Protein chains: 2
Amino acid sequence: MNDFVFEQVIQQIVELLENKNYHKLKPLLDEINATDLAQILTDLPEESLPIVFRLLSKDLASETFVEMDSDSQELLIRSFSDKELKEIINDLFVDDTVDILEEMPANVVRRILSQTDAQTRKEINELLKYPEDSAGAIMTTEYVWLKKSMTVEEAFSSIRKLAVDKETVYTCYVIDTGRHLEGVVSVKQLLLSSYQTRIEDIMETNIISIHTLDDKETAARSFDKYNYLAMPVVDKENRLVGIITFDDAMDVIREENTEDISKMAATLPTDTPYLKTGVFKLVLSRMPWLLLLMISATFTGLVISNNEDVLNASTYGIILTACIPMLMDTGGNAGSQASVTVIRSLALDEVRFKDIFVVLWKEIRVAVILGFILAIACFAKLMLIDRLYQVENGYMIASVVCLTIFLTVSIAKMIGCSLPLFAKKLKLDPAVVSSPFITTIVDLLSLLIFCNVAIALLG
Amino acid sequence: MNDFVFEQVIQQIVELLENKNYHKLKPLLDEINATDLAQILTDLPEESLPIVFRLLSKDLASETFVEMDSDSQELLIRSFSDKELKEIINDLFVDDTVDILEEMPANVVRRILSQTDAQTRKEINELLKYPEDSAGAIMTTEYVWLKKSMTVEEAFSSIRKLAVDKETVYTCYVIDTGRHLEGVVSVKQLLLSSYQTRIEDIMETNIISIHTLDDKETAARSFDKYNYLAMPVVDKENRLVGIITFDDAMDVIREENTEDISKMAATLPTDTPYLKTGVFKLVLSRMPWLLLLMISATFTGLVISNNEDVLNASTYGIILTACIPMLMDTGGNAGSQASVTVIRSLALDEVRFKDIFVVLWKEIRVAVILGFILAIACFAKLMLIDRLYQVENGYMIASVVCLTIFLTVSIAKMIGCSLPLFAKKLKLDPAVVSSPFITTIVDLLSLLIFCNVAIALLG
């Protein structure tokens, strides 16, 4: 649904609401899918939200509820009668209920839990126990399980019985009496086999599973790598405790990408969308790095004050000083190009620490070529546009700047590519360690090089 | 498979190869899944690649082949007999064949096409016609279709017949005699219905489909939004021409994220993984922005040379000059924090142009608070650590710097948040337009503010 259609539909709904024309509104709502509907409901005036929600058919209502943001969910829950709440909660998958509970204030949580049956409450409590970033925290306990002695026909009737309240039915897990994971069989495989085939003859036994306490990002990246629809999650004894479905994995990947991008821009990640994030939270997420990087730029300033003789020299001091922004920017850009490329490759598991010499050798060659071209371009620009040849020592000044560019670009690329690799090796976050710091480190080095080259060549 | 296990398996394979112990090697290979195997094969010495590949069972061979990089694929194809090539190609899904063809030199393409049957060749040629970044280019023409007059029982026998060579069977498309898309029904829905139910009674008619010429990123983001397993692709007359499966959508999302991250780091995106990208290609992807940004930093330099009087003043010139790196860095960081946040929100469709005033108002408040705190911190640092109070006019100099910080952070946030929104409105790429330029613009402005504040307060 594009922006234009979206606005039109909202307007139509608001008009029908104003005229209390619920007869026309209901079929209109039923035509919209849950994801778009959740978005539309959020954009409606708060007081009409419960009215519109009650017009939805039962299935659409619970699907839409899951997709809404937590503020709207809370609003709705407070407007629900106990009976309505019970109906919605019973319709939700357990992992979605847990996601909702995590965002709600304590009194709402208590009310929700009081409306769930004992079995569901037990499952919810199990899921709530896993650490926030673990595979256990994003898995669901509702999956289709089979026994290896079953025939395909028995398997199908089992699936038919179990399917109603399962998020995905297409991957079935074969377990023994101790719930140990023995195999996996897809519905496609079942469809391709005769009814008399035994499950143990067609099940895949070479299973990739993850542990409840594994990092959820590792789990999500496996989806991307192996193209799975669902992935089994096992405990220490290899007992199947749940599955992760691909939609939850996609959510994790999107969140992790957003986090990495934030970190590269020297921002602490927040877990809410931008428009939903308060001013104070934004300040807190941006302040630490700004402050730290401002203070660390002091060292760069020190290089300038310690080289007063060169940079304040009456004949060429101001020419050199005028080049400082260009040198700092070029060094910083060259460094982040390398570091961001390596950070991304690490995140996608395309580069590992053992590749460090391959990476360094590649970057050395790239740096030499780039540094050389930039130095030539800079020399031409200084001599032609800045007309430096009319100045005494003009060629020497241009040489100082160009040599600095060449050396800065080279060093920036070396540091830029190796810093994330070392961070990863030390089990630190490559995006946090390298991206914001690279500019500061390269600024400092570029000015040190600049002043020393100037002293050496200009005396 | 983690790094350590990976290295161990490779070593074991190399040893078995050296001893020509193929009896032991074959079962070992059969235990590994296709994705890991493709990685392992790439790491083996080139000459052993065809030997190992021929040991694989038929299904595993074609699954592994798809997952390999194009260099290894080309090597293998050149080692295949015509019969072997035909077997592999027949086993591949059409969209995978097209992906492979796009990476191969012309003579290999001709050889592959000569081994495909007429029908497949026609489908391949159809797919090759779509523009590179369109939905048509990533779709597959192999999907399960049903008629609305069928019963569930008939549907299942249809699926059983069609399933063998279809990438996904879980979403079935209901079409009329003109191949117009009439509905969608999931295998889960079929499993939950009785055998006598008619498809038209259970199919979903409110279908989200995409057009062959739609941007593939739009298509992929819809997967993420609506949690689909597959999405129908229709032509101008709403005739079903193919489907996009979730694994291809995940690939697109990963590529688009990598592209956005590259652009934010002033690098032109390349379509190959870092380690596979040649030095010359890396130079080409990094040179344009480095050069452009280096040249544009000239304007920042001009501000310095034009304010020689202030910055070269004997009493406080060097103190002011020493603050330039800190001012430039802080401004640049503050600007990219805002721009990167908005760029990401735009990519995820969380922010739209109509939100510009909400965004500006949010950023104004954030900027004022951040600017104020940073200015205070900077004042304290200048007075205490730099002992500026011993210098004549020390308080005035510190005030110049702090006022500049406050103004720079405020302006940087304003520009940072609005530039991507305007870029999007003008149908330009927000990541390209705003990220690399923001530093240059903010550098220039921060120095202009600095010099003007200095002239105003210090005379």
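Where does H17(A) bend, and which proline follows within four residues? I looked this up in a predicted model, where local features need pLDDT of at least 70, side-chain atom pairs count only at pLDDT 80 or more, and totals for chains, interfaces and linings use all residues. I kept in mind that residues are numbered from 1 along each chain as its sequence is written, and that side-chain values use heavy atoms, with hydrogens and water left out.

**Helix H17(A).** I found a bend of about 35 degrees at Met287(A), with Pro288(A) as the proline that follows within four residues; the bend is the angle between axes fitted to the seven residues ending there and the seven starting there. Helices here are DSSP runs (H or I, at least four residues), numbered from the N terminus.

**H8(A) and H10(A).** I noted that the axes of H8(A) (residues 94-103) and H10(A) (residues 118-128), lines fitted to C-alpha atoms over the stretch in contact, with angles from 0 to 180 degrees between N-to-C directions, come within 10 Å and cross at roughly 65 degrees. Residues making the contact (heavy atoms within 4.5 Å) include Val98(A) and Leu101(A) of H8(A) and Ile124(A) and Leu127(A) of H10(A).

**Aromatic pairs.** I found 19 aromatic pairs over all chains, counting rings of Phe, Tyr and Trp (its six-membered ring) with centres within 6.5 Å; planes under 30 degrees apart are stacked, over 60 edge-to-face and the rest tilted. Phe246(A) and Phe246(B) have ring centres 4.7 Å apart and planes at 55 degrees, so I recorded the pair as tilted. Because Phe246(A) lies in H16 of chain A and Phe246(B) in H16 of chain B, this pair joins two chains.

How values were computed
Chains are lettered from A and ligands numbered from 1 in the order in which they are written.
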